[in-house]
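Me: I have a structure open here and would like to go through it slowly. Could you help me with it?

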Amino acid sequence: MASASASSQGAWDAHRPPAPDLIDECVHCGFCLPTCPTYALWGEEMDSPRGRIALMALGHEQAELSDEMVTHFDRCLGCMACVTACPSGVQYEKLIGQTRPQVERGHSRGLSDRAFRRLVFALFPHPGRLRAAVPMLALSRRVGAERLVPARFRRLRAMAAMAPAVPVSAAWGQLPEVTPARGERRGTVALLQGCVQRVFFAGVNRATVAVLAAEGYEVHAPRAPRCCGSLQLHTGYEDDARARARETVDALGSYETVIANAAGCGSGMKEYGELLGESGAAFAGRVSDVHEFLAGVEARAPRRALRRRVAYHDACHLAHAQGVRSQPRSLLRGIPRLEVVEPEDWELCCGSAGVYNLLEPEAAAELGRRKAASLDACGAELIAAANPGCAIQIARYLNRPVPIVHPIELLAESIGVGVSPRAGPPTASHQPPSTPHHPPRGDR
Ligand code: SF4
Ligand code: SF4
């Protein structure tokens, strides 16, 4: 990798600019283009991985980032479908990970853009604040707050529309700090509770603990960290992400295995080496997605039959960013009588992508509609998705009420550890908004 100081020219500053040697690995073949959701939406070269890499190279040559360049970087979902597709092994995840913080440091965003981003990050990574907001969110759904927000506040409207319906009691529930293993103990694991996950998808955390315990693991679920910093990391807020990463390593660093059940969190923690150097890389090596972990050990708890047809949705931060594609499928296929079906265009993002559906609501809405349609076409009675953002996004755009569950909830039901896969959000909202494909540039 090029040294930072060698690249402290052009629009990039000296701290981790997009590395020229990584940029040079792109041979411009275009194999990644069909899998890039923004290229699929708009067909514009600069909204493709190849185009964005060219803009990163341009940033080394010109003095400033233009608004246009920033728009193309902002429109990238960070879904990493291009990483899966690229035959040359271009590490786009590193390149965009280097670019986003540069944009945040080197580009002045408009007042409303800054204010909205501040609002999002003052709320989402804080479980206490999210819990406090749950009654208000319930009320906002009941009164249809989305329709009450003037259309020009497009991001606020998107935020109101995404508010998941979660019972207050579920949002305030706490996991036991230690859950003993069932039967002979095979080891101890720590579970990252997450921020959004612990408040809006507490049932997923309960199911994860129950399955791990049933498989013979003592599960520690400390309250800290409140948030692993992945949302901030994937949005380019590097200092905040680093602080959260340090808190996470302090809280969970003594465990041999740290389990994540939210795709974005697992992916972010596996990137701690980029944020914290050696200590972060050592921690990252001990992070395991729950499917990855369970598929790597011999199943001990007997599975009982579930006569259902489930469509499996690949969360991008699991399938592309972590390369975890076969493990969730093999766990689901290990459940007797469970029929697992696959949607078309599995590799295309649903438009959730961390806080993308709040920051770029029109593009996210179109991707959400496409994903919901391809899942709907499977004719499944359930959808399994391993990321809270995907579950909320897909529920928003489905045209019929299909329960969306985490694969681990199905496993818990099959093992008989008493967790209802239908508990908690989300189910489909049936009023997908009609919006233009291109966001107006002035309203960012
Ligand atoms: S990122 Fe990879 S697939 Fe895409 S144009 Fe470059 S070399 Fe080809
Ligand atoms: S990360 Fe996703 S949206 Fe961004 S360039 Fe790659 S495929 Fe396109």
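This is a predicted model: local features need pLDDT of at least 70, side-chain atom pairs count only at pLDDT 80 or more; totals for chains, interfaces and linings use all residues.

Me: Let's start with ligand 1, then: which residues are closest to it?

Reply: Ligand 1 is surrounded by 14 residues, and the closest of them are Cys26, Cys29, Cys32, Arg50 and Cys86. Helix 3 and helix 5 each give at least two residues to this shell.

Me: And what sort of residues make up the shell around ligand 1?

Reply: By class, the shell around ligand 1 holds 10 nonpolar residues, three polar ones and one charged one.

Me: OK, now ligand 2, what are the closest residues there?

Reply: For ligand 2 the closest residues are Cys36, Pro49, Cys76, Cys79 and Cys82, out of 14 that surround it. Two or more residues of this shell come from each of helix 2 (37–42), helix 3 (49–59) and helix 5 (81–85). The shell around ligand 2 is made up of 10 nonpolar, three polar and one charged residues.

Me: Switching topic, what domains does the protein have?

Reply: The domain assignment gives domain 1, covering 20–106, and domain 2, covering 303–415. Their centres, taken over C-alpha atoms, are separated by 26 Å.

Me: How many residues are in contact between domain 1 and domain 2?

Reply: On the side of domain 1 there are 15 residues in contact with 13 residues of domain 2. Helix 2, helix 4 (67–75) and helix 5 each supply at least two residues to the side of domain 1 that touches domain 2, and the largest share, four residues, comes from helix 2.

Me: And the classes on that side of domain 1?

Reply: The side of domain 1 that touches domain 2 divides into eight nonpolar, four polar and three charged residues.

Me: I'm also curious about helix 23 and helix 24, so at what angle do their axes cross?

Reply: The axes of helix 23 (residues 361–376) and helix 24 (residues 388–397) cross at roughly 80° and come within 8 Å, and therefore helix 23 is roughly perpendicular to helix 24.

Me: Which residues meet there?

Reply: From helix 23 these are Gly368, Arg369, Lys371, Ala372 and Leu375, which meet Gln393, Ile394, Arg396 and Tyr397 in helix 24. The contact has four nonpolar, two polar and three charged residues.

Me: How do helix 13 and helix 25 pack?

Reply: Helix 13 (residues 202–214) and helix 25 (residues 407–415) have axes 8 Å apart and pack at an angle of about 50°, so helix 13 is oblique to helix 25. The crossing of helix 13 and helix 25 is left-handed.

Me: What makes that contact?

Reply: Helix 13 contributes Gly203, Val204, Ala207, Thr208, Ala210, Val211 and Ala214, while helix 25 contributes Ile408, Glu409, Leu411, Ala412 and Ile415. Taken by class, the contact of helix 13 with helix 25 has nine nonpolar, two polar and one charged residues.

Me: Last topic, the backbone: where is the cis peptide bond?

Reply: The cis peptide bond joins alanine 224 and proline 225, with omega at about 0°. Proline 225 sits in the loop between strand 3 (217–220) and helix 14 (230–235).

Me: And what is phi at arginine 16?

Reply: Arginine 16 has a positive phi of about 50°, although it is not a glycine, and arginine 16 is placed in the segment before helix 1 (20–24).

Notes: Residues are numbered from 1 along each chain as its sequence is written. Chains are lettered from A and ligands numbered from 1 in the order in which they are written. A residue is near a molecule or strand if its C-beta atom, placed from the backbone, lies within 6 Å of it. Ala, Val, Leu, Ile, Met, Phe, Trp, Tyr, Cys and Pro count as nonpolar, Asp, Glu, Lys and Arg as charged, and the others, Gly among them, as polar. Domain bounds come from an automatic or database domain assignment. Two residues are in contact if their C-beta atoms, placed from the backbone, lie within 7 Å. Axes are lines fitted to C-alpha atoms, for helices over the stretch in contact, and angles run from 0 to 180 degrees between N-to-C directions. Angles under 35 degrees count as roughly parallel, over 145 as roughly antiparallel, 65 to 115 as roughly perpendicular and the rest as oblique. A crossing is left-handed if the near helix is turned anticlockwise from the far one by less than a right angle, and right-handed if clockwise.
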